[in-house]
Amino acid sequence: MAAPHAEKVAAIRQAIMADPANQSFTDRGIGPLFSAPAQARILVVGQAPGRLAEARGRFWDDPSGDRLRAWLGVSRDFFYQTDLIGHLPMDFYFPGKAKTGDQKPRSDFASKWHPALRALMPNLKLTILVGKHAQDFYLGDQAQANLTQTVAYYQDYLPDYFPLPHPSPLNNRWLKNNPWFLDQVQPDLAKYVAALIRDEQAE
């Protein structure tokens with residue numbers, strides 16, 4: 001008999017924690033931050049947990065998460081309680097601070113762990129790619145020359161992918177310089193998310 005979904009996720013989690021590349025986190029009692037519910041229809045692929053999120057032991061539990069939830073059009077309670085949204089950052093651990101913002105996620109982390117976890121979410125309809133690291137990994141040669149262009153051409157990637165800028169407060173200037181994102185792109189994102197949630201709840 002095949003192992004239940006929860007056992008498969010737990011086994012992968014243990015493998016991540018046992019990986020020597022993650023030993024320093026495991027030794028400090030820090031676990032990987034991700035979720036892969038079997039019922040997921042939407043997958044959020046971000047960069048890596050921030051310092052606050054890691055300290056609180058919950059992905060997107062910081063100001064960036066507050067903005068992301070506003071963009072998605074979902075409440076905090078729904079975001080954390082629903083089985084319709086999965087979360088696979090490009091790295092499941094806080095990578096440390098850089099001169100501005102956080103350090104980049106490890107380049108080989110997603111390729112090592114995402115495929116097996118995505119396989120446990122067979123009903124995904126939309127993958128939301130938050131930031132350039134996620135877009136480069138999942139879109140590859142189909143990504144535009146830079147993040148701004150990739151987000152501007154978001155319709156080219158639907159219905160499978162929806163590229164977004166990172167919701168960090170550090171990107172306030174980007175949002176100010178690109179008002180079309182909140183005027184045009186974000187409302188479409190909220191509509192897509194609402195439709196997927198509505199359709200699933202109606203079944």
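Good morning, colleagues. Please keep in mind throughout that we are looking at a predicted model.

I begin with the largest pocket, which holds about 900 Å³ of space. Its lining comprises 31 residues, and those closest to the centre are Gln47, Asp102, His166, Ser168 and Leu170. By class, the lining divides into 13 nonpolar, twelve polar and six charged residues. Which helices each supply at least two residues of this lining? They are H3, spanning 51-56, H4, spanning 63-72, and H7, spanning 132-139. Of the elements, H3 gives the most, with three residues.

In H4, the buried residues are Ser64, Gly65, Leu68, Arg69, Trp71 and Leu72. Seen down the axis of H4, these buried residues fall within an arc of 160 degrees, so they line one face of the helix. After H4 comes Gly73, with a positive phi near 80 degrees.

In H7, the buried residues are Ala134, Gln135, Tyr138 and Leu139. Around the axis they cover an arc of only 100 degrees, which puts them on the same side of H7. Against what do the buried residues of H7 pack? Their partners are S1, helix H6 at 109-119, S3, H8 and S4. H7, too, is followed by a glycine, Gly140, and its phi is positive, near 55 degrees.

The largest nonpolar core has 30 residues, and the members that touch the most others are Ile128, Phe162 and Leu164. Several elements each supply at least two residues of this core, including strand S1 (42-45), strand S3 (126-130), strand S4 (161-164) and the helices H4 and H10. H10 gives the most, with six residues. Apart from this core lies another, of 27 residues, among them Phe34, Leu129, Leu139 and Tyr157.

Leaving aside neighbours within four places in sequence, Ile128 is in contact with Ile42, Leu43, Val44 and Val45, with Leu72, with Phe162 and Leu164, and with Leu189 and Val193.

The loop between H3 and H4 contains both Trp60 and Asp61. Trp60 has a positive phi of about 60 degrees although it is not a glycine. Is Trp60 buried or exposed? Its relative accessible area is 11%, and a residue under 20% is classed as buried, so Trp60 is buried. Asp61, at 8% relative accessibility, also counts as buried. Not counting residues up to four places away in sequence, Asp61 touches Leu52, Ala53, Arg56, Arg76 and Tyr80.

My last point concerns the backbone at Pro159. The peptide bond from Leu158 to Pro159 is cis, with omega near 5 degrees. Where does Pro159 lie? Its place is in the loop between H8 and S4.

Thank you for your attention.

Key:
Residues numbered from 1 in each chain as written. Predicted model: local features only at pLDDT ≥ 70, side-chain atom pairs only at ≥ 80, totals over all residues. Heavy atoms only, no water. 1 Å grid on protein atoms, 1.4 Å probe; cavity = no way out; pocket = protein on both sides within 12 Å on 5 of 7 lines; lining within 4 Å. Points joined across faces, edges and corners; volume = space filled by probe spheres on them. Helix = DSSP H or I, 4+ residues; strand = E, 2+ residues; numbered from the N terminus. Nonpolar A, V, L, I, M, F, W, Y, C, P; charged D, E, K, R; others polar. Core = buried A, V, L, I, M, F, W, Y, C linked by side-chain atoms within 4.5 Å. Buried < 20%, exposed > 50% of the residue type's maximum accessible area, 1.4 Å probe, protein only. Contact = heavy atoms within 4.5 Å. Arc of directions from axis to C-beta.
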